Amino acid sequence: MNAAQPRRMTYREACRQALRDALNTEPRSFLMGEDVGLYGGCYAVSKGLLEEFGERRIRDTPLSESAFVGAGIGAAMAGLRPIVEIMTCNFSLLALDQIMNSAATLPHMSGGQFAIPMVIRMATGAGRQLAAQHSHSLEGWYAHIPGLRVLAPGTVEDARYMLAPALADPNPVLLFEHIMLYNAEGEIPAKLSAVDITTARLRRTGDDLSLITYGGSLPKTLEAATRLAEEGIDAAVLDLRVLRPLDEAAILATVRHTGRAVIVDEGWRSGSLAAEIGMRLMEHCFDRLQAPVARVCTREVPIPYAAHLEQAALPSVEAIVEAARATMEAA
Amino acid sequence: MTTKAHVDRAMLLHLYREMRRIRVFEERCVELYQAEKIRGFLHLYDGQEAVAVGIMQALAPRDAVVATYREHGQAIARGIGTDVLMAEMFGCLEGCCRGRGGSMHIFDRATRFYGGNAIVGGGLPLAVGVALADREFERDAVTACFFGEGAVDEGEFHESVNLAVLWQLPVLFICENNLYSMGTPLELAEAETDIHSKAACYRLPSESVDGMSPLAVLSAATRAVEHIRATGGPYFLECRTYRFRAHSMFDAQGYRTREEVELWRRRDPIPRLASWLLDNGLAEAEELEAIDRAILAEMDAAVAFAENGSLEPVEGLERFVTMEDIPA
Ligand SMILES: Cc1ncc(C[n+]2csc(CCOP(=O)(O)OP(=O)(O)O)c2C)c(N)n1
C-alpha cells in the first residue's frame, strides 16, 4: 500500500490490516478466539489471516470464553503478546471473571512482579435487530475497572492504528469495535501511520456547544453537528476514543471553551460513562457551564428485536439535535 | 531424566523437613492471626503437606506453578522465603507482593510462582496460558496447576482441561481432593465423585494417588512430569487428602465429625514419615530434633522479619494498578 496516498478502506479492512501489521511486526503476538481462523471471524475481520499466518498465529478456540481469555492472561504473563477476540461483548460476560478478577488485578496484587500485555478485542453495540442478548454496549461498564485500558475506535484511522500501541502497552487493553461501523468507509490521511491511545480528539471544532461521544455514536453525532450548523449552531464534536483512562483535559478544554455540553453514549443512562463525564464537568468546570449538561443515552430497556423499537431505544441523530437545541435555549 | 524418583536418605529427610516447615509456618500463622497481626481470610494447609512437597520435588526451576488461596504450602515448598511470605501476611512492604496480596495471593517471579488465586477455578485458565507461552518459547517447562476438588464444579475446570488436551499443552493438573469444599461434601456437589475419571473423559491421562504419602505423590508426580516432558501434553493427578483444620479462620465445622478428623489425623504424613525413618534406621531421633530446632529458628526469624517490616507509604497506593513497563 502506498503510504503517500490517502487510503480509503472500510473499518473492517482497517481492523484486519491492523491485525496483519501486529502479526508481522510482533513475533510474540497471535490471535485467538472463536471462529477467527477457518470461519474468518464472526464479523469477517480476520478473514484470510489463517491462510497467511498459519494455525500457530491464528488459533481457533472452543466456545470457552473464560478459558481462552484466561489462557491469554497466563500467556501474556509468561511472555507472549496475545490478541484475544471475543465474538461480541455480550459473550465477554462469560469471561468477566478472568477480565476483572485476573487481568485487572494480578499486576497490582503481585506488587508489580507481573504485567499483562494483552489485547482483548470485541464487537459491541446495537443496530442490527439482534435483540437484547446480542446488542449490549458494555464498554462503559469495563471503563469502571482500574487496571484496564478501554479503547473505542470510532473512525477508520483508529480502527487501523489503535491496535499497535494497544499491543505495545504493558497493561490489558480492551478494544471495542462497533458492529455498525464495520462496513463504514473512511479515508486515512496520507501522512498518518500511527495514533496514540491516550488522548481524545476534537473531530469538529465549534464555539457554541460541545458534543461528547465515542464509538458507534460518533457518526451520528457528526451528522447531528452538520444539521445543527444549518440552523446556525456551531457544535464541537469530541471523540473520546479512550474510555479509560479518560482524557479529562480534553473534555474540560472543549466545555470550558463552549460552556455547554451534550454527552452521547450508547450505554444505558443509569450509572453510565455519560454520568461519569457529566460529574467530572460538575467537579471541574461548574463555573463555566452556561446550561445544564445534557445526555443522550440508550433507553433503559433490553434492546428489542423489532426495528422501530430498536431504533427508538438507541441514540439518534434527531435526539442529539433536539438535546443540543434545548441546551442552547437553556439559560 | 530418571523414570523413578531418586529416593535416598537425603531425599527422605528433605521431604520431612519441607513438610515440617509448612506445618510450623501454619502454626505460627494461627498464633499471629489470633494476635491480630494477620487479618483477612487465612486458609491453612495442615494435613495436605505431602501433596505440595511431593509435587515440588518433581519440578525443575524452569517449571511454573499456579495455585489457589490455600497456597502457603506450595509457596514454601517451591522455595519462596518464609520471611517474605510472613511479611506479606503482615501486609508489609517487604512482603513478596509488597502487602497487596496477603495470604491468598502469593506471587513470586523468581520461582515462576504465578499466584495464589482466590477465585475457585480461576487459576486453571491461567495455567493453560502459561503452558502455551512456555511451549511457544520452547522452554521445555511444565506448569503445575493446583486446585481443590471444589474447582471441579466450576466451568473453568472443564473449559481449561479440554483446552489443554486439545492443544496438547504441558500442564500438570493437581486436584487436591480433601473431600470438602468449605462445608460441602463432595457427594453433595458432584454427580460423579470419582474425579480422576472426569479428567479421563477429556482424554487426559490421569491417576489418583494417596495424597497423605509424600513418597506416593513424589513418585506419581515424577511419572507425570516425565510423561509431560516426553509427550508435550497434559497430565492429571488427583491427590486424595484431608485438611485437618477449619476451612478458614471462621468455620464451626458442623459438616464433619470429630471422629472423622481424628481418623484422618492418624494418617498425618509428618509423624508417619518420622516414625518410618526411625524404625528403619534412616534417621536418629536426635537428627529429627535438630531439623525441628532449625525450623523453629527459621520461623522465629521469619516472624521477626515481618515484625520489623515497614509499610508501603500510602502515596504508593495506586502503584502497579497500571504498569509502566513489562518486568524483564
Ligand atoms: C468462584 C468462587 N466461588 C466461591 C468461592 C468461595 N469459596 C472459597 S473457598 C471455597 C471452597 C473451595 O473448595 P476446594 O476447591 O475443594 O478447595 P479447598 O478449600 O478444600 O482447598 C469456596 C466455595 C470462591 N472463592 N470463588
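Colleague: Hi! What kind of model is this, and how is it numbered?

Modeller: It is a predicted model, where local features need pLDDT of at least 70, side-chain atom pairs count only at pLDDT 80 or more, and totals for chains, interfaces and linings use all residues. Residues are numbered from 1 along each chain as its sequence is written, chains are lettered from A and ligands numbered from 1 in the order in which they are written, and side-chain values use heavy atoms, leaving out hydrogens and water.

Colleague: Thanks! In which order do the five strands of the chain B sheet come?

Modeller: The order is β1-β2-β3-β7-β6 in an open sheet of chain B, with parallel pairing. Strands here are DSSP runs of E with at least two residues, helices are runs of H or I with at least four, and both are numbered from the N terminus. Two strands pair if DSSP finds at least two bridges between them.

Colleague: Which strands of chain B stand at the edges?

Modeller: β1 (64–66) and β6 (206–210) of chain B do; each has a single partner strand, so one side of each lacks a neighbour in the sheet.

Colleague: And how many bridges join β6(B) to β7 of chain B?

Modeller: Five, and the two strands run parallel. Within β7(B), Leu237(B) is the bridge partner of Glu207(B).

Colleague: Where does helix α5 of chain B lie?

Modeller: Helix α5 (residues 123–136) lies across β1, β2 and β3 of chain B, at about 175° to β2(B). Contact means heavy atoms within 4.5 Å; axes are lines fitted to C-alpha atoms, for helices over the stretch in contact, and angles run from 0 to 180 degrees between N-to-C directions.

Colleague: New topic: how many residues does the contact take from each chain?

Modeller: Chain B gives 43 residues and chain A gives 42. The two chains bury about 3,500 Å² between them, 64% of it on carbon and sulfur atoms; buried area is the accessible area (1.4 Å probe) lost on putting two parts together, summed over both.

Colleague: How many salt bridges are there across that interface?

Modeller: Two, by the rule, which asks for a side-chain nitrogen of Lys or Arg within 4 Å of a carboxyl oxygen of Asp or Glu. Arg56(A) and Glu136(B) meet in a salt bridge through their side chains, at 2.7 Å, N to O.
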